[in-house]
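Q: Please take me through the reading of this model, feature by feature.

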Amino acid sequence: MKYKKAESKAKGHSEDFFGDYRDFWWNESFLKLLARRLSLNECYSMLDVGCGQCHWSRLLVNYLGSSDDRPTRVCGVDSDRKWAKGSRELREYFAKKGAEFELKKGDAHELPYEDNTFDLVTCQTLLIHVPHPTEVIAEMKRVLRPGGIILCVEPNNLVQSLTKSSISSNDPVDEILDHVKYALLFERGKKKLGQGDNSLGDLVPGLLAQANFENIDVRLSDKAIAMYPPYDTPEQIATMKQWRLGDRWNSTEYSDYDYFKALGTEELDFYEEYVRKYAHLSERTERYINANKYHSAGGAMMYVVSGTKPE
Ligand SMILES: C[S@@+](CC[C@H](N)C(=O)[O-])C[C@H]1O[C@@H](n2cnc3c(N)ncnc32)[C@H](O)[C@@H]1O
């Protein structure tokens with residue numbers, strides 16, 4: 001297909017988004033607070049669903065409980081063979097933390113674990129990629145022990161199309177609306193192709209309520225990666241590197257073109273026109289950065305939603 005990424009086949013799911021910048025997604029003080037609020041030190045076993053390279057469980061393992069008769073146990077499930085295989089570095093990382101570590105290949109809609117197995121079942125940016133989040137949440141509940149905690153970290157990604165920067169803050173309203181429309185249609189097309197809803201975060205608390213979880217608690221991550229000259233902090237360097245890779249979501253199978261095509265001729269025409277009209281934008285950003293004139297607070301909307309399985 002015309003716009004399909006030729007090299008994408010060899011890559012694992014989300015691989016373009018597993019750069020160093022992902023290590024800067026959280027403030028340590030926020031995680032400490034989260035761990036205290038949820039009493040994570042009383043959770044000894046954790047399942048990370050859609051674990052990828054385990055960026056999320058690598059952080060959470062630091063707050064889990066551990067004792068001589070109950071060592072910490074971290075399990076990860078991913079449908080991508082590459083991530084389910086793991087790596088020596090990953091195994092060494094968890095071994096150093098004194099945690100038992102296991103990865104399995106499996107579909108989140110049918111988790112390869114017995115009922116009532118884990119104290120904590122969690123996911124980070126998984127539900128936004130699955131076709132049936134309600135079924136996945138039901139599965140997460142099934143493998144959770146009664147009284148155990150579900151913890152879902154999922155964004156609204158649409159808001160980013162309205163984030164201002166020093167360059168864009170005076171752009172014409174119609175242009176800003178074009179960016180919002182692009183983001184919205186992109187999400188609709190992705191969903192239509194069964195690739196999930198990129199802003200599902202808004203709906204997760206309600207989905208937990210429908211699944212009869214108790215003590216539902218909804219927070220927002222307090223992380224913002226602000227960009228301002230000279231862009232030289234480790235998180236700014238990693239984030240800028242990510243931008244240069246391209247900041248739009250592409251799955252291993254589909255590109256933006258496919259998502260717009262799935263919606264119909266009118267949407268595909270909008271796509272073609274948008275690509276043509278705004279082709280200069282990356283170059284404009286690059287120019288401003290090189291001139292030390294780009295800045296933005298870098299806000300994002302990442303929901304942190306938890307609940308407990310009834311006893
Ligand atoms: C955006 S990545 C997030 C990875 C990891 N949770 C993190 O935050 O770094 C989404 C992950 O979900 C996995 N995934 C997508 N659909 C899945 C499914 N139906 N079952 C299991 N894993 C799935 C992908 O392979 C990928 O590793």
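A: The sheet has 7 strands and is open, with mixed pairing and the order β3-β2-β1-β4-β5-β7-β6. Two strands pair if DSSP finds at least two bridges between them; strands (E, at least two residues) and helices (H or I, at least four residues) are DSSP runs, numbered from the N terminus. The edges are held by β3 (100-105) and β6 (214-220), each with a single partner strand, so one side of each has no neighbour in the sheet. On average, neighbouring strands of this sheet are turned by 15° against each other, direction ignored.

Q: What should I know about the model and its numbering?
A: This is a predicted model, in which local features need pLDDT of at least 70 and side-chain atom pairs count only at pLDDT 80 or more, while totals for chains, interfaces and linings use all residues. Residues are numbered from 1 along each chain as its sequence is written.

Q: How many bridges join β1 to β4, and which strands does α5 touch?
A: Strands β1 (residues 45-49) and β4 (residues 118-124) run parallel and are joined by 3 bridges. Met46 stands opposite Leu120 in β4. Helix α5 (residues 133-143) packs on the sheet and touches β1, β4 and β5 (144-156), its direction making about 150° with that of β5. Contact between two residues requires their C-beta atoms, placed from the backbone, to lie within 7 Å.

Q: How is the packing of two helices described?
A: Two packed helices are described by the angle between their axes and the distance between the axes. Axes are lines fitted to C-alpha atoms, for helices over the stretch in contact, and angles run from 0 to 180 degrees between N-to-C directions. Here, α6 (residues 173-192) and α9 (residues 256-263) pack at about 80°, with axes 8 Å apart. That makes α6 roughly perpendicular to α9, a term for angles of 65 to 115 degrees. Among the residues that meet are Leu185 and Phe186 in α6 and Tyr259 and Phe260 in α9. The residues of this contact divide into 6 nonpolar, 1 polar and 4 charged. Ala, Val, Leu, Ile, Met, Phe, Trp, Tyr, Cys and Pro count as nonpolar, Asp, Glu, Lys and Arg as charged, and the others, Gly among them, as polar.

Q: Which residues are closest to the ligand?
A: The closest are His13, Gly50, Gly52, Ala108 and Gln124, and 22 residues surround the ligand, each with its C-beta atom, placed from the backbone, within 6 Å of it. This shell divides into 8 nonpolar, 10 polar and 4 charged residues.

Methods:
Parallel < 35°, antiparallel > 145°, perpendicular 65-115°, else oblique.
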